[in-house]
Amino acid sequence: MSEYQTPLKRVRGLGSAREGVGHWWGQRLTAIALAPLSIWFAWLVVSLSGSDYTSVRQTLASPLQAIPMILFIYALFHHGQLGLQVVIEDYVHQRPLEIGLLILVKFLALAAGLTATIAVLILIFGATNS
Amino acid sequence: MASRARPLSPHLQIYKPHLLMTMSIVHRATGVALTFAALLLTWGLVAVASGPLAFADFQEFMRSIVGRLIVAGFVVSMLYHFLNGLRHLNWDTGRGLDLRSSYVTGWSVVVLTPLLSALILWLVWT
């Protein structure tokens, strides 16, 4: 296809940034991953409800639960961050606020996702602070 | 930011609300809600990793009235977003896009969400 926009128009953010496909595909891939992982997570929450600290800790520290948990955390935060991006882009019309919120969401998703992952790693490798 | 006014489609309140449109909006709303649930998950995992005292605080919150309301909201959101998400993934393959199928799958999500939510909440709380 030939160019319909001058380079300047694209630089000003008025045309496609050619990121749409990557975003769309990332959203779908994480959705496909989250479908079985959510079922596992719901089962885990149900089976852990009412358990005491020691058994919750033991369950989460076992590789069979810890590994899907890390995959779940990654898919969940990535998916959520992609979704919030679209919501912000759709509804926030002041450009500085929009950019600020986008940065905040990306940083928060990375920080919270990494924090959750590290917590699981602490459980796996058995460090105790208690 | 467009330098000149671009044509816009009519806004939401122009249309008569109907199932498919409402479900699309709810899909977004539950998605946004679930990003807050993800933060609650982070808190829970950090609490378990931090020790029994931190976990007791987390557990106390989850068992409080506010905690239970939040959990109920998240469970309903998760079920809805999960079921409707499957609907979206099916649409993405090009299937089920006709009106009839969309309404059948749509109503299925509307009926299944409260049923499965009640089941999970009952399993968690009893």
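Reply: In this predicted model, helix H3 (residues 65-92) of chain B and helix H4 (residues 99-125) of chain B pack at an angle of about 145°, their axes being 9 Å apart. The crossing of H3(B) past H4(B) is right-handed. On H3(B) the contact is made by B:Ala72, B:Val75, B:Val76, B:Leu79, B:Tyr80, B:Leu83, B:Asn84 and B:Arg87. On H4(B) it is made by B:Thr105, B:Val109, B:Leu112, B:Thr113, B:Leu116, B:Ser117, B:Ile120 and B:Leu121.

Me: What is the division of the residues of the contact of H3(B) with H4(B) into nonpolar, polar and charged?

Reply: The residues divide into 11 nonpolar, four polar and one charged. B:Arg87 is among the residues of H3(B) in this contact, and Arg counts as charged.

Me: How do you know what confidence the predictor places in chain B?

Reply: The mean pLDDT of chain B is 94, and 98% of its residues reach 70 or more. In chain B, confidence is lowest in helix H2 (residues 52-63), at a mean of 96, and highest in H3(B), at 98. For the complex, the predictor gives an ipTM of 0.90 and a pTM of 0.89.

Me: Why is A:Leu102 called partly exposed?

Reply: A:Leu102 has 16 C-beta neighbours inside 10 Å. A buried residue needs 20 or more, and an exposed one has 12 or fewer. The value for A:Leu102 falls between these limits, and A:Leu102 therefore counts as partly exposed. A:Leu102 is found in helix H5 of chain A and touches A:Gln85 and A:Ile88, leaving aside residues up to four places away in sequence. From A:Leu102 to A:Ala33 the separation is 69 residues in sequence and 24 Å in space, C-alpha to C-alpha.

Me: What makes A:Ile32 partly exposed?

Reply: The count for A:Ile32 is 15 other C-beta atoms within 10 Å. A:Ile32 lies in helix H2 of chain A. A:Ile32 and A:His79 are 47 residues apart in sequence and 10 Å apart in space, C-alpha to C-alpha.

Me: How many helices and strands does chain A have?

Reply: Chain A has five helices and zero strands, and its pattern along the sequence is α-α-α-α-α. Of its 130 residues, 20% count as buried. Among contacts in chain A between residues at least 6 apart in sequence, 70% join residues at least 24 apart.

Me: Which residues have the most contacts inside the largest nonpolar core?

Reply: That core has 34 residues, and those with the most contacts inside it are A:Leu76, A:Ala116, A:Ala119, A:Val120, B:Ala38, B:Leu45 and B:Val48. H2, H3, H4 and H5 of chain A, together with helix H1 (19-50), H2, H3 and H4 of chain B, each supply at least two residues. H1(B) gives the most, with eight residues. B:Ala38 touches A:Leu76, A:Phe77, A:Gly80 and A:Ala112, not counting residues up to four places away in sequence.

Methods: Residues numbered from 1 in each chain as written. Chains lettered and ligands numbered in written order. Predicted model: local features only at pLDDT ≥ 70, side-chain atom pairs only at ≥ 80, totals over all residues. pLDDT = per-residue confidence, 0-100. Helix = DSSP H or I, 4+ residues; strand = E, 2+ residues; numbered from the N terminus. Axes fitted to C-alpha atoms, helices over the stretch in contact; angles between N-to-C directions. Left-handed = near helix turned anticlockwise from the far one by under 90°. Contact = placed C-beta atoms within 7 Å. Core = buried A, V, L, I, M, F, W, Y, C linked by C-beta atoms within 7 Å.
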